[in-house]
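Please open the complex in your viewer and keep the selection tool at hand.

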Amino acid sequence: MSKSERPNQLFRNLNAKVASIPMILTALVVFVGGTAWTVLYSFTNSKLLPRLNFVGIDQYYRLWATPRWLVSIENLLIYGVISLVFSLVVGFILAALLDQKIRFEDTFRTIFLYPFALSFIVTGLVWQWLLNPDFGIQRVVRDLGWTSFSFDPLYNSSIVIYGISIAALWQGTGLIMCLMLAGLRGIDEDIWKAARVDGIPMWKTYLFIVIPMMRPVFITTLVIIAAGIVKVYDLVVAQTSGGPGIASEVPAKYVYDYMFFAQNLGQGFAASTMMLLSVVIVIVPWAYLEFGGKKRG
Amino acid sequence: MADVSLAAEAAAVRSAASGPSGPRPRHVLSRRNIFLYGTLIVVALYYLLPLYVMIVTSLKGMPEIRLGNIFSPPVEITFEPWVKAWSQACTGLNCDGLSRGFWNSVRITVPSVLLSIAIASVNGYALANWRFKGADTFFVILIVGAFIPYQVMIYPIVIILREIGIYGTLTGLVIVHSIFGMPILTLLFRNYFSSMPEELFRAARVDGAGFWGIYLRIMLPMSLPIFVVAIILQVTGIWNDFLFGVVYTRPDTYPMTVQLNNIVNSVQGVKEYNVNMAATILTGLVPLIVYFVSGKLFVRGIAAGAVKG
């Protein structure tokens, strides 16, 4: 009996296995294989074509000695902190305002979320136009009589990354608001009643009761924002193409340019491996908390 | 219940204008409401401003743009920039406008959406109802893979596509979109199919239906809402893609976003801001229409994809 069942094991659910081939191939070949390949080749001196001439961590030395990479990392950090802080704070406040059982909630939500439907390219080009010093906001304010007014973030290398962040926040805060709103709706109505009976002011209820209760939502949102930050690319390309000079370069653009324009694959691989590393640092603790804990508890 | 407590609160606040009767005995002009709606309206205006400026700019002639204010409505409405953006705007040597990019994007988006959803829904179904040994491992890899920066996997995929001989073609890009859409969609479908009653599946099994039979005759007809959510998610996502378009296609097969960026950010020639804005609106139009038509389903797609992840 057991002998005849053993070969069955492989063919059990055969259809399901066949149907899962695309998933298995994607997981193994592209995600695991592709990642491993890139990491491996980041230790070579590949130029125009990938070659297995190992040079140790030379590419990484060169990477961290390249001013453009250092600027990219600095920009990513500034952009990241701004995105995280502002989209969380503004997103939560907007969600809390919408959660006050107001009228036209759907209208307001539709307005706050619509930029999220637009691509980063469209977002970037619109804000490039609004921030254009000759025609945009600066010009309008100057025409009103304040002739020394200056607001040209995209043309000023010391603040250009803030100008890019403005567009990013306009595009992405609606999503955070939606996630927060879903979280707020998940809070038991009785909590509010109890807090009201106890005479706790609303802001305290939010700060000390509701926000701690929404911890899972915040963690998930944080991960989503963080993953988006590392990937930022199109927005910079559309708004400034990395300029003025190299003032608004970001890592994703560094990778792309070195792989496809500078014909310096090794540098591109090393830079992309650094990007991977930064994501791993964020994801692993989160995955551990989220999934590792569940299995045990 | 909530209305009762709010009404009680409103009554306690007391203000001048109080309605004697009606469904909502609330004071319209309480300080709280002024603050609440005031803030929301100001923020809403900020969010709408770029859209307004885009539309207004695209309807003006260039002389008016040079002289006037970007916020002022057009004195003379002209649709010429729209025509020019659609059929004459130049990228490099090509001067056939955004229409080429539009049709490329259509030819990329439609098969990508169909293929990615077909694959992911079957994956999700297999993961929810036909769990085989090791299936969950692949699924975890898939989900973790969703967080890996695309830059890490771009070049190996270039090599794979080149080996197969479809690098630079629309087919290649469609496959890339299907691959990168898989994690989120599989998650979406797995969660949805898992929430369906197990008895349904068992009954079908007892009646002799197999893997594909149950999928086609029971799961598919019962899960139309999630398919709509997936379609919304994919249409906007793929239409808005830039990175894959720029990496995996050639100038004659560039999707609309890439072509738009090339038109607006080209360094040659005189900048025609009205044409640029018309082109920008045209590119944003498809996802915007999807967004406004789908309404709550769009939000549901986001919530399903994000929160449950």
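Begin by selecting residues 73-288 of chain A, a span whose end C-alpha atoms lie 26 Å apart and which is 75% helix and 0% strand; helices (H or I, at least four residues) and strands (E, at least two) are DSSP runs, numbered from the N terminus. In an unreviewed entry, UniProt lists these residues, 73-288 of chain A, as "domain: ABC transmembrane type-1"; UniProt positions are given in the numbering used here, feature names are shortened, and annotations may be inferred rather than shown by experiment.

What you are viewing is a predicted model, in which local features need pLDDT of at least 70 and side-chain atom pairs count only at pLDDT 80 or more, while totals for chains, interfaces and linings use all residues. Residues are numbered from 1 along each chain as its sequence is written, and chains are lettered from A and ligands numbered from 1 in the order in which they are written.

Next, colour chain A by its domain assignment, which gives domain 1 (1-41) and domain 2 (59-296), with bounds that come from an automatic or database domain assignment. The centres of domain 1 and domain 2 of chain A, taken over C-alpha atoms, are separated by 37 Å. Between them, 4 residues of domain 1 of chain A are in contact with 4 residues of domain 2 of chain A, where contact means that the C-beta atoms of two residues, placed from the backbone, lie within 7 Å.

Now show both chains: 74 residues of chain A are in contact with 71 residues of chain B. Helix H3 (residues 21-41) of chain A supplies the largest share of the chain A side, 13 residues. By class, that side has 50 nonpolar, 15 polar and 9 charged residues, with Ala, Val, Leu, Ile, Met, Phe, Trp, Tyr, Cys and Pro counted as nonpolar, Asp, Glu, Lys and Arg as charged, and the others, Gly among them, as polar. For the complex, the predictor gives an ipTM of 0.87 and a pTM of 0.87.

Which residues have the most contacts inside the largest nonpolar core? Select A:Ala271, B:Leu188 and B:Ala279, which hold that place in a core of 145 residues. Such a core is a set of buried Ala, Val, Leu, Ile, Met, Phe, Trp, Tyr and Cys residues joined through C-beta atoms within 7 Å; a residue is buried if 20 or more other C-beta atoms lie within 10 Å of its own, exposed if 12 or fewer, and partly exposed in between. Helix H8 (residues 170-194) of chain B gives the largest share of this core, 14 residues. Around A:Ala271, leaving aside neighbours within four places in sequence, the contacts include A:Leu63, A:Trp69 and A:Tyr258.

Treat residues 1-19 of chain B with care, as pLDDT (the predictor's confidence in each residue, from 0 to 100) stays under 50 over them.

Finish at A:Lys101, in the loop between helix H5 (67-98) and helix H6 (105-117) of chain A, where phi is near 55 degrees, a positive value in a residue other than glycine. A:Lys101 is exposed, with 10 other C-beta atoms within 10 Å.
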